[in-house]
Amino acid sequence: MKRVLFLSIVMAAFALMACSANGTGDAANSPAAGKTTDKKMTQVELETTYGNIIVGLYNETPLHRDNFIKLVKSGYYDGVLFHRVIKDFMIQTGDGSSKNAGPDTMLGEGDPGYTIEAEFVYPKYFHKRGALAAARTGDQVNPERRSSGSQFYIVTGKIYGSDELKMMTQRLADVQKQDIFRRLVNENQAKIQQMQQNQDNAGLQALQNELIQQTEAEAAAHPFKLTDEQINAYTSVGGTPHLDGQYTVFGEVIKGMDVVDKIQNVTTGRMDRPTVDVKIIKATVLE
């Protein structure tokens, strides 16, 4: 059953990637267990309408660290709203267009006009409770998983029981296979495009079967599993494991998870926006 499901997923992915190769695809985010002990992390204080949050920025993600510091020092985050809040999941902010936005304004698209190259330091840094991560657009329009230039979220997540985490691990293993398959399809885009132009349906089917076999072999050679630190975090303080390896985690909350919890519990309305504005009053780099 699981193999049938996986094959149906990758077949759809094959069709989508092949379509994209022809240019016809659709156009178009209390501190955690195992807290990082790097005392040299740059810390940033976010003064919000519910209290202050201090985050530490990882040195292993220098592009995100330096960009975040630059935006903080420029005042970019001063006055932005937490425009997307989902209890037991995350709180998201950083849309520069959200400052003074009316109650019916659609938010979530604002940014400085650039994206940042993904910096996955996985599994060392993952989506435990309190993780600071960059928002981004979806894989269909952003296969490189580049981060938004400004939008970020703080993970609240949920605590997983051992059986529930086992099921999640299987889902993540399937995601790993999908990622392998997409990479292989991308590597064969020129061949796929040529076969499409020649209307070589038999060749496309044979290539698809070949890539599925390669996917299965690669996944078997490097089976997916969670680290002991991940298991401990997800079963004790919680997090959002299904986001691991998909979004860049570039820091974590050092102080103020009680404030994060206050924000995640506010009443929200359309598009998960708080019905009463919650904002970053001022962001400051702590020297």
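Q: Two strands count as paired if DSSP finds at least two bridges between them; how many bridges join E6 and E8?
A: E6 and E8 are antiparallel and share three bridges, with Ala133 partnered by Tyr153 in E8. This is a predicted model, in which local features need pLDDT of at least 70, side-chain atom pairs need 80 or more, and totals for chains, interfaces and linings use all residues. Residues are numbered from 1 along each chain as its sequence is written, and side-chain values use heavy atoms, without hydrogens or water.

Q: And what stands opposite Ala133 in E9?
A: Val249 does; E6 and E9 also pair in the antiparallel sense, over three bridges. Strands (E, at least two residues) and helices (H or I, at least four) are DSSP runs numbered from the N terminus.

Q: Are the faces of E6 covered or open?
A: Both are covered: Ala131 and Ala133 on one side, and Leu132 and Ala134 on the other, are all buried (under 20% relative accessible area; exposed is over 50%, partly exposed in between; 1.4 Å probe, protein chains only).

Q: Which residues touch the most others in the largest nonpolar core?
A: Ile53, Phe68 and Tyr77, out of 30 residues. Strand E6 (131-134) and helix H2 (62-74) are among the elements that each supply at least two of its residues. A separate core of 13 residues includes Phe89 and Ala133.

Q: What does Phe68 contact?
A: Beyond neighbours within four places in sequence, Phe68 contacts (heavy atoms within 4.5 Å) Val44, Val55, Leu57, Tyr77, Phe152 and Phe250.

Q: Changing topic, where is Asp179?
A: Asp179 lies in helix H3 (residues 162-187) and is partly exposed, at 23% relative accessible area. Asp179 touches Arg145 and Gln246, leaving out residues up to four places away in sequence.

Technical notes: A nonpolar core is a set of buried Ala, Val, Leu, Ile, Met, Phe, Trp, Tyr and Cys residues joined through side-chain atoms within 4.5 Å. Two strands pair if DSSP finds at least two bridges between them.
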